[in-house]
Amino acid sequence: MRVALGIVTYNNPLAQIQQLLNSISLCSAVLKEKAELVIFVVDNGEDSSAHFQNWQDNYKDQGFSIVSLTSQGNVGFGAGMNRLMETAFNEHNCSYFICVNPDGVFHRLAIERMLETQAQFGPCLVEARQFPEEHPKQYDPESFDTPWTSGACLMIPAQIYAQIGGFDDRFFMYMEDVDLSWRARCANFPTKLCHDAYFGHQVIGRKPSGKIEKMIFVSARALAAKWHAKAFQQWVEEQMLERKFFESREQMPALINNFSVPDNASSVVNFEHHFTFSQARWE
Amino acid sequence: MLAQDLISVVVRFHDIAKLEELEQCIFSVCLQNIEQLELVVVVKNFDQPKLAAVESTCAQQPWLHSPTVKIIDCSTADGGDTRALALKSGIEAATGRYLAFLDHDDVVYHDCYATLKNLLHESKAIVAFGRTRLAVTKNVNGNSYNVAKKKWFFWGDSRRDLWKGNFIVIHSYMIDRDRLPVPLAIDTSFSRLEDYALLLKLSVEGEFVKTEDIVCEYRIPFGHELCEEAFDMPCQLSEAQKLEYGIWHLNTEKLNSLKEGLRVNMSLEQFSELMDELAQLKTERARLYERLAHSDEVWSKHLEEAELLSFRLLRQGHAAVAKPGILRETVKHVRTFRKFFKKSEQQSEKLD
């Protein structure tokens, strides 16, 4: 079985990538013959092809291979991941694709445990548990069902990709994972949290810049419009005006309006808890 | 001779059945990306296979900079509690100038050690500490589930606050051992509260510096007595937990005796300066009384308090040794008085 790891970089420090690759190397050693890991990488920032080549050379005996795609510039997270996904599933016959944030680090048992979750409940979207601070959204501690799965470290089976596709690349960054999760659930694929697959990822202590905050709000507005949540869209727009991201509604980006919301969406979609999109266990 | 840039982290681990917790604990240390790190894992009565499991857990982490790992077996013939002894053994084995502690069931957040080390660099403090997040975990079918989390233990700031109760959890601080006037001493007769006893002893040796950043997570089981206080959740103590609190309270009495016996080191020069300042303030007050038709109760109260407390200090018989609580209060009152004095003097000038 071949498992793809998709990494979209954006001017990440080399040490960060090195630690991520070290962690993948440990995962590979745990998996042994159970799965072959292939890393697919593309740079949305400055040209890193020389580094990619170095990594291919340095890690060639570490139990995984690296396929790097030519950069198309900063096309956004979802679009970058989609290119990698398409290559992994269609050209390399991968069974699973894991979206991996470049600033994260796998615990050595993480991928094995995500695969076990697929074996038990799959095909489903499976997210790793961010560590040491996990996402506060709800999950059921017995069934591991969660309302949506975070794209920071997310396993997507080939079967789900074939049926619903990848990310909606009209989201530049943020909320594309919520959208994918809702589409998966509407298509009757479960979304699960693998509680013991740890993915080291800094959440606490990070202060979002104004630029990032704006991106979050723009994506939230797009999500609301796509899923016909008028009240939420209005709230987001008011927030954006209050925060002076835009001077008027007319200046805001064009909205996604050609999506046909599935009939069962009301049992899936949740705009009641702002950007948590689920009741939060803590603030 | 301590290694100058080295951070030593002493991890206590006593039960091999909890290896999964140790995995998380060590993984959180690994994510710190500290260039010079020494990991001292202190275990209890472990045989060779158990030691090998701990060694493997430490080694098989995605280290960016491989640390030096020491595993110390802290054995007792009767198998009794060794938490204080484990601290002592860990400290003895640690060779870094910077020292931190971490229990196997807790975790540190990203940048914890870098933040604390920077704080020490930028100050003359002997201890740097950060804030803690309290997490309530529930066991569901053998899996750990976080029910709730919140910032906790954030009320304390000063030595006096520490005197009232411990708000600095064991993995939320770092010690600069080069600045300690005396070697760290662990009282191994404590079977609980050994960490608080250590902090109290440290508090009289030098200053502490703090950050409001959350640097770590302190995990408690669902039903723990803190659940009620922090989260308004029911406190359902198991028999084992009840027994635990019995032991806890016995140690509290021991701790109170320790508090009674502790003295702050203060040079005769520092003490003389403090007394001079008080004398000067008394003169200033008298002068202000003459200029103002009334006495401001607030600021005069602070001076009186300071006088009273300094008198109690003097009564101890020797200037170089003082009770930390009283000393702290004295300084606080002197400073507050000065503030009010300045304000009142400005008012008096306006009246003139």
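How many residues of chain A are in contact with how many residues of chain B? Keep that question in mind while you set up the view. This is a predicted model, in which local features need pLDDT of at least 70 and side-chain atom pairs count only at pLDDT 80 or more, while totals for chains, interfaces and linings use all residues. Residues are numbered from 1 along each chain as its sequence is written, and chains are lettered from A and ligands numbered from 1 in the order in which they are written.

**Where the chains meet**

Select both chains: 24 residues of chain A are in contact with 23 residues of chain B, where contact means that two C-beta atoms, placed from the backbone, lie within 7 Å. On chain A, helix 1 (14–31) and strand 8 (191–200) each supply at least two residues of the side that touches chain B, and the largest share of that side, six residues, comes from helix 1 of chain A. Helices (H or I, at least four residues) and strands (E, at least two) are DSSP runs, numbered from the N terminus.

**Chain A: one helix, then a pair**

Now select residues 110–121 of chain A, which form helix 4, with 12 residues and a reach of 16 Å from the first C-alpha to the last, close to the 16 Å expected at 1.5 Å a residue; the expected span is 1.5 Å times one less than the number of residues. Its buried residues are A:A110, A:I111, A:M114, A:L115, A:T117 and A:Q118. They lie on the same side of helix 4 of chain A because they cover an arc of only 155 degrees around the axis, the arc being that of the directions from the helix axis to the C-beta atoms. The face turned away from this buried side carries the exposed residues A:A119 and A:Q120. (A residue is buried if 20 or more other C-beta atoms lie within 10 Å of its own, exposed if 12 or fewer, and partly exposed in between, with C-beta atoms placed from the backbone.)

Next, show helix 7 (residues 210–226) and helix 8 (residues 230–242) of chain A, whose axes come within 8 Å and cross at roughly 160 degrees. That makes helix 7 of chain A roughly antiparallel to helix 8 of chain A. Axes are lines fitted to C-alpha atoms, for helices over the stretch in contact, and angles run from 0 to 180 degrees between N-to-C directions; under 35 degrees counts as roughly parallel, over 145 as roughly antiparallel, 65 to 115 as roughly perpendicular and the rest as oblique.

Move to chain B, which has 11 helices and 11 strands, and of whose 352 residues 36% count as buried. Select helix 3 (residues 83–93) of chain B, which is mostly covered, since nine of its 11 residues are buried. The buried residues of helix 3 of chain B pack against strand 1 (3–12), strand 2 (37–43), strand 3 (68–73), strand 4 (96–103) and helix 6 of chain B.

Finally, pick B:I186, in the loop between strand 8 (173–176) and helix 6 (194–203) of chain B. Is B:I186 buried or exposed? With 21 C-beta neighbours inside 10 Å, B:I186 counts as buried. Leaving out residues up to four places away in sequence, B:I186 touches B:A84, B:L87, B:K88, B:I91, B:E194 and B:L198. Among these, B:A84, B:L87, B:K88 and B:I91 are also buried residues of helix 3 of chain B.
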